[in-house]
Amino acid sequence: MLDSFDKGWFVLQTYSGYENKVKENLLQRAQTYDMLDNILQVIIPTQTVSFEKNGTTKEVEENRFPGYVLVEMVMTDEAWFVVRNTPNVTGFVGSHGNRSKPTPLLEEEIRAILISMGQKVDIIDTNIKAGDVVQIIDGAFMGQEGRVVEIDGNKVKLMLSMFGTETQAEVELYQIAEL
């Protein structure tokens, strides 16, 4: 019987400096083993870093997590085998050894990584609208309640009552819940 979980983002551990080679090999293996329906995306999180050399400013793409590659996949036995046995992959982060399957990243973790890379992410479907009072469930204001002022894509502007005065804060949509 095919043992499968829902689609999720998983973190692969690789030899540092081999992230691009792992991505290339994994995409090739997904095609070779007819796993394109299970191995959906392979991403190496990068950031643009500026530095000055000989009086000129240069920008380079730098790996945010050296030695790690993100893969969006449907965790079936076959897909797990193909990914796990890709050259230069040393394992999955979140796997507890003894051939156990790994745990996927939380939705808010992968959203934060993708947004920080400038990638467009799906807007969360919600019934929350301006004027609603919500609970903040993640971030610096966790546990506070606030009134929604404006929703722009996945960004939400809230009015919070702090120290007896109204303060405006901006959070991501996934960081709030309806009361």
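Me: How many aromatic pairs are there by the rule?

Reply: The count comes to two aromatic pairs. Under the rule, rings of Phe, Tyr and Trp (its six-membered ring) pair if their centres lie within 6.5 Å; planes under 30 degrees apart are stacked, over 60 edge-to-face, the rest tilted. This is a predicted model: local features need pLDDT of at least 70, side-chain atom pairs need 80 or more, and totals for chains, interfaces and linings use all residues. Residues are numbered from 1 along each chain as its sequence is written, and side-chain values use heavy atoms, without hydrogens and water.

Me: Why is the pair of Phe10 and Phe92 called edge-to-face?

Reply: Their ring centres are 6.3 Å apart and their planes stand at 85°, so the pair is edge-to-face.

Me: What makes Phe10 count as buried?

Reply: Buried means under 20% relative accessible area, exposed over 50%, partly exposed in between (1.4 Å probe, protein chains only). Phe10 has 2%, so Phe10 is buried. Phe92 has 9%, so Phe92 is buried.

Me: Why is the pair of Tyr15 and Tyr18 called edge-to-face?

Reply: The centres are 6.3 Å apart, with 70° between the planes. That angle is over 60.

Me: Why does Tyr15 count as partly exposed?

Reply: Tyr15 has 48% relative accessibility, so Tyr15 is partly exposed. Tyr18, at 42%, is partly exposed.

Me: How do you know that the charged end of Arg84 sits over the ring of Trp80?

Reply: The rule asks for NZ of Lys or CZ of Arg within 6 Å of the ring centre and within 35 degrees of the ring normal. The charged end of Arg84 is 4.0 Å from the centre of the Trp80 ring and sits over that ring.
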